Amino acid sequence: MDRIYITTPLYYVNAEPHLGSAYTMILSDTLARYYRAKGYETFYLTGTDEHGDKIAQAAANAKLDPKEFTDQISATFRAVWDECGFAYDHFIRTTDDYHISYVQEVLNTVYQSGDIYFDRYSGLYCFGCERFYTDKELVNGKCPDHLIEPNLIEEENYFFRMSKYQDHLLRHIETHPQFIRPEGYRNEVLAMLREPVEDLCISRPKSRLTWGIELPFDNRYVTYVWFDALINYVSALKRRGEGEFQKFWPEAQHFIGKDIVKPHGVFWPTMLLAAGLPLYKHLNVHGYWTVEGKKMSKSIGNTISPLEMKQTIGMDAFRYFVLRESVFGQDADFRRESLIGRYNADLANNLGNLVSRVLAMQGKYFAGVVQPLGKQWTDEDNELKSVYEKVESEIGRHLAELQFHRALEVLWAALDHTNRYIVQTSPFTLMKDPANQARVGEILHHLLQAICQLARLLKPFMPDTAKELQSLLAFTEGDPALEASWGNSFAAGHKVSSPKVLFPRIEVPGNE
Ligand code: MSP
């Protein structure tokens, strides 16, 4: 049986869900829905990253105990994702007991094999990033993310012998071109691995931080937050039993943003190698969203909230926009003008009008009852059918390469073609002569068949709209008729519903 395991990063609970985190969710949710519908056994994982300095600090600012604080924010994340309709299979928290004990198991294994050692260390530490920086990584002596000078810290700590696995990982990436994709990020990791890789400090003394997973071999320390959080991708499967791990792990695909390539492209695979676990299949790296050309930030006040999007234009329109407007791997800019432009052109006009026109004609000419198809089909009829057949395989090809925007492009090209079919066949003109009634019935049957295909093909991208289309066609969810071949979806006497405005146009003042 075909299988796929899709993961998102675990979100830090020091910020609310926003466009950036929602983007990772939309990409991964779309892919999970696509493969699930294709019959793949699918496991889709998301959750929250709850230990470490940053979270302890945020809890202190909120005057709450870290556990109380993380319970609250993690629940908010979950509620927002549920409200957005993301169909994850499991929500993991790094404070979950099974995760904590599995992290300790991995730490023990790696410690016992000699790949974790104790050493005195002094280095430049950025509290914001929760990590040490080398001189080379700093920009003008400052942390490139937080733009502040790191603190010089000297302490005794435990280190993971990451350098030992550098060559192994380098060879693996060289021989598996699809391990990290798109290629630019693969090259970024290759460049890191062609320089000497330093061992990774994986402990934090409790004198500095208590909010973490205690090292099983030294209770004076907690685990470095990345060494804890990355393991979620395996602990979530192990929780379901060794069988589930064996089943899904070989098909693991991690979705992440470009800022966390190093932990996922270097730390994580070397940790897996040290723990004696196989490597994941793909690391899928997406770009960053800016808003109206500016970095999204709380202090500028330009963060985009997924729930606000849901309320204003609808979740499906938001999904459509981010998937259509961005190229996977590249940065994208969120502009309200483009959002409204695409909404009106692609959703209100192209998709919405097509569906309303067809259902309106069906209602007016045949009281909604679908008419039989004759044996003889015109060239236009055959072409319409073949356009949809082609689209299906093209979507599969584009999604396999994470080209979400291209998948939607070909789907919308099919919609354009369908609108042209109406112009070419001109059912409203034909209907003026009663002798043409049977032909008009056939034309509308083909058009309803096209909408039926759309309902199925749109499902992973715009699940609510797909459902709406199914109900307008008077099918219940999962009706096998939806999967039937062209010309076989509508039984004799099947009656479709009256039209409905799917995407009301957004009028922009001064733009009429
Ligand atoms: N907790 C770590 C991940 C640990 S995974 C074991 C983390 N969390 S995060 O909440 O800061 O980021 C979560 C995801 O949101 C990352 O993939 C990040 O790239 C993404 N984004 C945050 N801001 C973003 C944009 N402005 N645009 C696109 N994605 C961005 O990192």
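User: Which residue has a polar backbone atom 3.1 Å from an oxygen atom of the ligand?

Analyst: A polar contact is a pair of N or O atoms within 3.5 Å; within protein, one must be able to donate a hydrogen and the other to accept it, and residues adjacent in sequence count only if both atoms are side-chain atoms. Here the residue is Tyr12, with a polar backbone atom 3.1 Å from an oxygen atom of the ligand. A nitrogen atom of the ligand lies 2.7 Å from a backbone N or O atom of Leu10. For Asp49, a polar side-chain atom is 2.7 Å from a nitrogen atom of the ligand. Of the 670 Å² of accessible area that the ligand has on its own, the protein covers 91%; accessible areas come from the Shrake-Rupley method with a 1.4 Å probe, and for residues only the protein chains shown count as cover.

Please note that this is a predicted model, in which local features need pLDDT of at least 70, side-chain atom pairs count only at pLDDT 80 or more, and totals for chains, interfaces and linings use all residues. Residues are numbered from 1 along each chain as its sequence is written, and side-chain values use heavy atoms, with hydrogens and water left out.

User: Which elements supply at least two residues of the shell around the ligand?

Analyst: A residue is near a molecule if one of its heavy atoms lies within 4 Å of it. Helices (H or I, at least four residues) and strands (E, at least two) are DSSP runs, numbered from the N terminus. In this model, β1 (3-12), α7 (225-229), α8 (232-238) and β12 (252-257) each supply at least two residues of the shell. The largest share, four residues, comes from β1. There are 22 residues around the ligand, and those that come nearest are Leu10, Asp49, Gly257, Asp259 and Trp289.

User: Is Thr418 buried or exposed?

Analyst: Buried means under 20% relative accessible area, exposed over 50%, and partly exposed in between (1.4 Å probe, protein chains only). Thr418, in helix α15 (residues 404-425), counts as buried because its relative accessibility is 0%. The side chain of Thr418 makes a polar contact of 2.7 Å with the side chain of Tyr388. Contact means heavy atoms within 4.5 Å. Leaving aside neighbours within four places in sequence, Thr418 is in contact with Leu354, Leu384, Tyr388, Leu447 and Ala450. By contrast, Ala37, in helix α1 (residues 19-37), counts as exposed because its relative accessibility is 62%.

User: What do the buried residues of α2 pack against?

Analyst: The buried residues of helix α2 (residues 53-61) are Asp53, Ile55, Ala58 and Ala59. These residues pack against β1, β2 (41-49), α3 (66-84) and β4 (116-126). After α2 comes Lys63, with a positive phi near 55 degrees.

User: How many disulfides does a search of the whole structure find?

Analyst: A disulfide is a covalent bond between the sulfur atoms of two cysteines. The criterion is a pair of cysteine sulfur atoms within 2.5 Å. The search of the whole structure finds zero disulfides. As one case, the closest cysteine sulfur to that of Cys201 is in Cys126, 14 Å away, which is too far for a bond. Cys201 counts as buried, at 7% relative accessibility.

User: What share of the 512 residues in the protein is buried?

Analyst: Buried residues make up 54% of the protein. Its secondary structure comes to 18 helices and 16 strands.
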